[in-house]
Amino acid sequence: MGKFVIKLRKNGEFQFDLKASNGQVILSSEGYKSKASCKNGIESVKRNSQVDARFERKEAKNGAPYFNLKATNGQVIGTSEMYSSVDACENGIASVKKNAPEAEVVDETIA
């Protein structure tokens, strides 16, 4: 089963990564000023990951496919890694849909 990992960036902002059961990061968030906002972002991913229309399929300047997951208001709540092919990108989307709803939350900012 996947998990959300909350971590602290060097600039003091909170970020989460959604990791698949194999430990690979499949979605990363923006930076949040508060841990509460970061946790709200996780809840938003859990809800929005079940709606295919919320996945925005993109292509980087170098041609690598990737995706953004957007909230109902259109704001990006998570971005994938760069993939080697469109098929690999679609597999990444499928992995987010599968892992996000039941993923546990691990807070690595707690000492």
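Let's start with helix α1. Buried here means under 20% relative accessible area, exposed over 50%, partly exposed in between, with a 1.4 Å probe and protein chains only. In α1, the buried residues are Cys38, Gly41, Ile42, Ser44, Val45, Lys46 and Asn48. Cys38 counts as buried because its relative accessibility is 0%.

A word on the source. This is a predicted model: local features need pLDDT of at least 70, side-chain atom pairs count only at pLDDT 80 or more, and totals for chains, interfaces and linings use all residues. Residues are numbered from 1 along each chain as its sequence is written, and side-chain values use heavy atoms, with hydrogens and water left out.

Back to α1. Helices (H or I, at least four residues) and strands (E, at least two) are DSSP runs, numbered from the N terminus. The expected span is 1.5 Å times one less than the number of residues. Helix α1 covers residues 35-48, 14 residues, so it should span 20 Å; its end C-alpha atoms are 20 Å apart, which agrees.

Now the strands. Two strands pair if DSSP finds at least two bridges between them. β1 and β2 run antiparallel, joined by six bridges. Five of the six residues of β2 are buried, so β2 is largely enclosed by the rest of the structure.

Next, the aromatics. Rings of Phe, Tyr and Trp (its six-membered ring) pair if their centres lie within 6.5 Å; planes under 30 degrees apart are stacked, over 60 edge-to-face, the rest tilted. The count is four aromatic pairs. Phe4 and Phe16 have ring centres 5.7 Å apart and planes at 75°, so that pair is edge-to-face. Phe4 lies in β1 (residues 3-8) and Phe16 in β2 (residues 14-19), so the pair ties together parts twelve residues apart in sequence. Phe4 is buried at 0% relative accessibility. Phe16 is buried at 0% as well. Phe16 also stacks with Tyr32: 6.3 Å centre to centre, 15° between the planes. Tyr32 sits in the loop between β3 (25-28) and α1, 16 residues from Phe16. Tyr32 is buried, at 9%. Phe4, Phe16 and Tyr32 form one aromatic cluster.
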